[in-house]
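Trainee: I would like to go through a model with you. Can we take the questions one at a time?

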Amino acid sequence: MKTDKTYLNTLWQRISTESDQRSFEELFHHCYQRLVRFAVEYVQSRESAEEIVSDIFLKLWAGRETYLDVLNIEKYLFTAVRNQSLNYLRKFSAFRVVSTDSPEQFNIAHIHDPYKASEWKELLSRLDNAVELLPPKRRKIFRLVREEGFKPREVAEIMNISPRTVETQLFKAVKTLHAVLQPYLTARQRTSPAAVDTAALLSLLLAASAI
């Protein structure tokens, strides 16, 4: 779920300068589930992901006065989760970790026709399923942009890759998702003139990826 970054940074300022426990609880509430979903992308275990995220929040609270220079708390948390997840894999996974260069629904409140709303829900469900088929790295990047609202350059910093790599992976993700969903779109257009067309899908995907 996309969250107001300014609001989160305001909470963080209260936490780091005033040790405001209520603000910390609110920051935890806004970010915990999103961070867990992100960690699961790496460690493939919700239980392990929850441990990783909880540990990061505990350390954040304990060292709150030493992190005064953190200006973007959301980006800091996602980066910390990535790093901690990779450390977990290095320690517990049978696979080697080498360095190399989730599902929110789009707003359909403006669609008043029940039939069209149903079409959009079906399309978005298929879109989420198609995202699951993307290669892991590409899926992480696409979700950080589409679901979490990060800009490509922020994703590059979080994942420690180049902005060019982020842009390339986003382009490939959109191309793949279009190819996967094209048969469904074509079939719906043949059976109903009210079906969502290819142009609408591309607009949906490109708008999500061009933040």
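Trainee: Which residues of α4 are buried?

Mentor: This is a predicted model, in which local features need pLDDT of at least 70, side-chain atom pairs count only at pLDDT 80 or more, and totals for chains, interfaces and linings use all residues. Residues are numbered from 1 along each chain as its sequence is written, and side-chain values use heavy atoms, without hydrogens and water. Buried means under 20% relative accessible area, exposed over 50%, partly exposed in between (1.4 Å probe, protein chains only). Helices (H or I, at least four residues) are DSSP runs, numbered from the N terminus. By that cut-off, the buried residues of α4 are I73, E74, K75, L77, F78, A80, V81, R82, S85, L86 and L89.

Trainee: What do the buried residues of α4 pack against?

Mentor: Contact means heavy atoms within 4.5 Å. The partners of these buried residues are α1, α2, α3, α6 and α7.

Trainee: Which residue caps the N-terminal end of α4?

Mentor: A polar contact is a pair of N or O atoms within 3.5 Å; within protein, one must be able to donate a hydrogen and the other to accept it, and residues adjacent in sequence count only if both atoms are side-chain atoms. Here a side-chain oxygen lies 3.3 Å from the backbone nitrogen of E74. The capping residue is N72.

Trainee: Is R34 buried or exposed?

Mentor: R34 is in helix α2, and its side chain makes a polar contact with the side chain of E74 (2.5 Å). Because its relative accessibility is 3%, R34 counts as buried.

Notes. Helix = DSSP H or I, 4+ residues; strand = E, 2+ residues; numbered from the N terminus.
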